[in-house]
Amino acid sequence: MNRLSFKPSALFISFDAVAMSGITVEALKIAKKIQQKNIPCYLDLGYDIKIDKGNFNKPYKDEYAQYQGIFTLTRLPGLTTIPDYNQTFLHKVYTCLIIQSTPINAEQKKHLLQRVEHCAQQVADALYQHWQTHNVRYLIVENGTLPENIIYTRALYIAIKQYGQAKNLARFVLWRDHDLMWNSEKGAQKYGPPPWPHAVKPIHSPHISYVTLNNDLKEKLERWCDEPVEIQVKKNTYDFTLKTSPKSLRKKLNISDTDIVIARTTRIIPQKRIDRDIILTHRLNQLFLRDASPRKVWLLIAGDENENYTHYKQLRQHIDWLQLTDCVCFLGSLPHDCMPNVSSDWSIEDLYHACDLVSFLTSWDYDSYGNPVGEAISSKRCYISSQYEYYQEVYGQYGFQAPIMPTSFADDGLPQDAFIADVYALLNDAVRMQNVAEENYQLGKRVLTNDILDTLLCDGRRKTMRDNIFVSVVLPVFNESERLESVLQSLYQQESIGKWINHQTYEVIIVDNNSTDDSLDKINQFRQRHPQMDIHIIKESIQGVSSARKRGMDYASLRAKTRDHRLGIKNKHYIVSADADCTVDPYWLYALINEMMRHGGDLGTCNYFYDEQAFQQRPNLFNEIQKTLRCRAFSFSLFGGFPDGKGFAVERELYDKIGGIEIFYQLNKGKFVEHLSDDWDFGIRAIAWGGKAIYAHESRVEINSRRVDTILDEVITGIAYGQDGTIIMKDVRPDSENHRPALRDTTTAETLQAWYYSIKDYMPKNIILPVLLNPARLLEEAAIRDFFGAPVADRLYQRIHEIKYEMRIIDFKPIHAYKTPAYRLYFEFRDELFAALRRAVGDDIGFPPPLPPCFEEVAPEDFNRFVWYYCEDRESGEAHNYFANGGVF
């Protein structure tokens with residue numbers, strides 16, 4: 001069967017060549033998160049890569065059970081059939097080219113390098129076929145730069161380039177170096193002297209994101225490369241969820257609750273310096289005995305005794321010599337809780353729960369990170385550590401509290417009296433131990449939580465904002481699979497006069513609002529094909545476009561502020577809202593931002609249009625839509641307009657000043673749901689706070705016609721967004737469960753009815769509201785006075801203040817405070833308003849729609865009073881229904 005039809009997978013390749021190590025544990029953490037996205041994960045343990053661990057070509061046996069449920073173990077087939085790919089040749093390459101312990105002349109070296117390249121190409125071909133078989137979409141290479149096997153490393157680079165190009169993938173590879181030549185076993189010079197001329201250096205690749213664990217490794221690696229390569233620093237990640245039902249190790253080992261347990265989780269090799277823990281345990285027991293304390297100090301060691309059995313026997317002899325056999329226990333290799341189906345009575349987490357202290361007294365120059373320290377912190381346990389080379393950067397700089405054993409390259413010996421005294425003092429102060437563990441735990445939650453998966457699933461794009469980005473486009477998405485490709489393409493193809501709007505100056509922030517279709521898959525596929533544009537995906541779990549828009553705009557503001565702080569600058573940054581079902585013109589962004597910059601605008605609005613081709617058989621309906629859009633274009637040009645989520649921009653400083661998007665809730669069928677007017681109400685607050693609104697006529701957004709295609713009857717009757725004052729988002733996607741009637745045009749009566757609802761919705765919000773928020777414009781701005789006519793402008797100005805006094809309204813910034821006064825002014829000035837609009841837009845605007853029937857019995861002298869009653873009615877919702885309840889087209 002052709003596996004290419006299967007879902008994309010993730011493949012992990014470890015150069016560690018052991019069944020279980022810190023590297024594979026970190027891989028497990030990533031794999032568990034990838035699996036949540038329903039992506040199968042494969043693991044190659046590297047038995048066919050590294051030759052010094054005794055596992056070369058060793059078949060998998062117990063390893064299958066260790067990883068069952070998270071990883072499917074795999075390995076590269078056909079390696080034994082490749083000439084030169086065998087242990088003998090790999091050892092020759094290592095001794096002649098890497099550590100250079102076997103001298104060869106120039107001709108021999110040339111011939112050897114040719115064989116290396118030829119073999120690497122054959123291995124690359126096998127890798128390509130293997131990845132294709134498993135439909136590999138994500139590749140994670142662990143410790144691939146170490147020159148353990150330069151043939152395999154070289155083959156990886158060849159295969160990555162070929163596979164990435166063939167599959168049109170961007171950054172599908174996470175290349176993570178935990179250890180490098182300058183920090184791994186430096187004393188032994190395992191990889192020979194620098195500059196390691198035949199080790200394979202990282203290359204600049206559109207397919208690879210490089211990651212290492214600390215800045216020292218990053219800086220040295222970047223300097224070592226022959227070409228500019230960006231290396232990201234990504235710390236290991238820890239789970240701060242404390243185990244709720246641990247197994248009792250103390251009970252199993254007959255350890256008293258008052259005794260002290262020191263835990264050491266480690267490989268049992270000389271470099272890990274377990275001898276230090278043995279000495280420490282011996283000295284601490286002597287001190288407790290000296291002080292006549294009944295307490296006993298236990299050392300529990302978790303690790304594979306068979307990895308270096310000779311060293312294990314030496315440690316045993318040391319324990320016997322110090323007479324510690326009754327308080328030092330080797331527990332064997334314990335799994336982490338994240339590992340399923342492992343036949344072990346206890347886990348690492350059970351050991352941490354049973355202990356009082358976690359030890360990491362490693363060699364000065366062996367470890368580049370130190371996972372046990374982070375595991376101790378996340379398990380809320382005190383720890384002790386040696387001052388190994390990278391301790392300060394990984395943990396020390398953050399202020400974690402612990403006794404630290406001084407070590408250095410020159411002095412890497414045994415624990416001294418001062419350090420032992422510090423540990424003894426800590427163990428004798430239970431309150432201090434509890435406080436230290438708690439404070440380290442809380443600090444760790446802030447500084448040790450890091451999701452490296454973002455680097456992989458976000459194509460390695462930086463999470464920090466580029467220095468020259470000044471526009472962030474926010475796109476809320478909920479199940480928009482059908483439209484996403486065209487929408488994203490329109491955002492990608494933005495053009496500019498002068499080229500100052502380009503992929504280096506704007507970014508797109510997509511807010512996934514709990515999509516259940518393949519929207520995210522399509523976004524990620526698009527992002528792989530277009531790595532030039534920064535696309536960031538974030539999550540908003542609260543359902544509703546308002547919350548999603550707020551989440552994205554808040555995130556954009558935070559990113560911009562963080563960038564400006566980092567650079568020490570304060571430049572204007574524009575946050576733009578877009579809609580996942582509306583495409584934009586090529587100059588949409590340029591026209592919008594340029595107009596705001598030219599006129600000093602804080603708030604920018606766009607021009608809307610429908611595709612005329614979609615209405616060729618519906619001329620009546622299209623004509624009424626066009627009339628509405630002509631009115632909108634005029635009033636926006638006159639007043640600056642109000643934002644609509646389909647397309648508006650706000651300058652970040654104003655956004656922050658007014659507190660961003662405000663979420664308003666309403667009841668619908670007994671449940672609180674979001675009100676959909678967040679964008680409009682945001683504009684009200686922005687203008688009321690002194691923001692300058694600018695209309696960019698050339699910034700064009702094409703509205704999706706699906707609302708009038710799918711629920712035309714509800715559009716015509718003014719309930720397209722709900723009724724009785726409850727404004728909701730109806731599902732009008734073509735693939736929804738809604739009834740999908742055949743497209744039809746409106747009758748003459750329906751056309752007039754649709755227009756009436758549209759103009760009634762439009763007039764209070766677009767003609768009255770701008771002057772309601774700022775009545776002085778009626779007196780001060782000539783264009784506005786000309787539109788209304790001076791007498792009407794003066795009367796309107798006076799009436800606004802009268803209504804404001806009557807209703808005891810302080811201002812119109814609070815959500816919906818404007819509705820009743822706006823509705824009242826519409827009824828009172830309807831004839832004058834329509835006359836002004838006919839003069840400005842055209843005679844086809846017509847005259848005011850009929851009044852609600854309830855006014856037929858109202859005497860003329862009581863009209864204004866009963867208008868107030870009608871517009872103030874908060875029980876029946878009649879006024880909301882009359883004014884189309886929030887929107888039409």
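Reader: Which residue is the bridge partner of Ser 577 in strand 20?

Author: Phe 648 of strand 20 is the partner of Ser 577. Before we go on: this is a predicted model, where local features need pLDDT of at least 70 and side-chain atom pairs count only at pLDDT 80 or more, while totals for chains, interfaces and linings use all residues. Residues are numbered from 1 along each chain as its sequence is written, and side-chain values use heavy atoms, with hydrogens and water left out.

Reader: What makes strand 17 and strand 20 a pair?

Author: Two strands pair if DSSP finds at least two bridges between them. Strand 17 (residues 574–578) and strand 20 (residues 647–651) are joined by five bridges and run antiparallel, so they pass that cut-off. Strands and helices here are DSSP runs, numbered from the N terminus: E of at least two residues for strands, H or I of at least four for helices.

Reader: Why do strand 16 and strand 18 count as edges?

Author: Their open sheet has eight strands in the order 16-15-14-17-20-19-23-18, with mixed pairing. Strand 16 (535–539) and strand 18 (583–584) each have a single partner strand, so one side of each has no neighbour in the sheet.

Reader: And what is the pairing in the seven-strand sheet?

Author: Parallel, in an open sheet with the order 3-2-1-4-5-6-7. Its edges are strand 3 (72–73) and strand 7 (231–233), each pairing on one side only. Strand 6 (residues 208–212) meets strand 7 over three bridges, with Val 211 partnered by Gln 232.

Reader: Why is helix 20 called roughly parallel to helix 25?

Author: The axes of helix 20 (residues 619–639) and helix 25 (residues 748–773) come within 10 Å and cross at roughly 5 degrees. Axes are lines fitted to C-alpha atoms, for helices over the stretch in contact, and angles run from 0 to 180 degrees between N-to-C directions. Under 35 degrees counts as roughly parallel, over 145 as roughly antiparallel, 65 to 115 as roughly perpendicular and the rest as oblique, so helix 20 is roughly parallel to helix 25.

Reader: Which residues have the most contacts inside the largest nonpolar core?

Author: Tyr 85, Val 123, Trp 131, Leu 139, Tyr 152, Leu 156 and Tyr 395, in a core of 131 residues. Leaving aside neighbours within four places in sequence, Tyr 152 is in contact (heavy atoms within 4.5 Å) with residues including Ile 13, Leu 76 and Tyr 85.

Methods:
A nonpolar core is a set of buried Ala, Val, Leu, Ile, Met, Phe, Trp, Tyr and Cys residues joined through side-chain atoms within 4.5 Å. Buried means under 20% relative accessible area, exposed over 50%, partly exposed in between (1.4 Å probe, protein chains only).
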